[in-house]
Amino acid sequence: MDAAIDRIMQTYDLLANRTSAASAEARAKVTNYLNTLMEAGEKDPHRLTVCGLTYLRQLDGSVDPVKAGYTGL
């Protein structure tokens, strides 16, 4: 799981500049989330990585079309 978390954080940090405090908070949140997934039975490190990145992007709102600037016009 540590390899998946490291891969998630490396990729997530490439998406935008964040403070070290924000990165530490994101790491803690994604660690808790991956622990939940692993307790539910998910063991594939690639799938855990994708799920973790998706989770962090949902938290920061980068998958929300309105927050991303899409107006529908």
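1. At what angle do helix H2 and helix H3 pack, and how far apart are their axes? In this predicted model, H2 (residues 20–39) and H3 (residues 45–60) pack at about 130°, and their axes are 10 Å apart. The crossing of H2 past H3 is right-handed.

2. Who makes that contact? On the H2 side you'll find Ala26, Lys29, Val30, Tyr33, Leu34, Leu37 and Met38, and on the H3 side Leu48, Cys51, Gly52, Tyr55, Leu56 and Leu59. By type, the residues of this contact split into eleven nonpolar, one polar and one charged.

3. Now the salt bridges: a search of the whole structure turns up four. In one of them, arginine 27 pairs with aspartate 6, with the closest N and O atoms 3.4 Å apart. Arginine 27 sits in helix H2 and aspartate 6 in helix H1 (residues 2–15), so this pair ties together parts 21 residues apart in sequence. Arginine 27 is partly exposed at 33% relative accessibility, and aspartate 6 is partly exposed at 37%.

4. Another one joins aspartate 60 and arginine 18, with 3.1 Å between the closest N and O atoms. Here distant parts of the chain are linked: aspartate 60 is in helix H3 and arginine 18 in the loop between H1 and H2, 42 residues apart. Both count as partly exposed, aspartate 60 at 33% and arginine 18 at 26%.

5. Also worth a look is the salt bridge between the side chains of arginine 47 and glutamate 42, at 3.3 Å from N to O. Arginine 47 is partly exposed at 49% relative accessibility; glutamate 42, at 22%, is partly exposed as well.

Definitions and conventions: Residues numbered from 1 in each chain as written. Predicted model: local features only at pLDDT ≥ 70, side-chain atom pairs only at ≥ 80, totals over all residues. Heavy atoms only, no water. Axes fitted to C-alpha atoms, helices over the stretch in contact; angles between N-to-C directions. Helix = DSSP H or I, 4+ residues; strand = E, 2+ residues; numbered from the N terminus. Left-handed = near helix turned anticlockwise from the far one by under 90°. Contact = heavy atoms within 4.5 Å. Nonpolar A, V, L, I, M, F, W, Y, C, P; charged D, E, K, R; others polar. Buried < 20%, exposed > 50% of the residue type's maximum accessible area, 1.4 Å probe, protein only.
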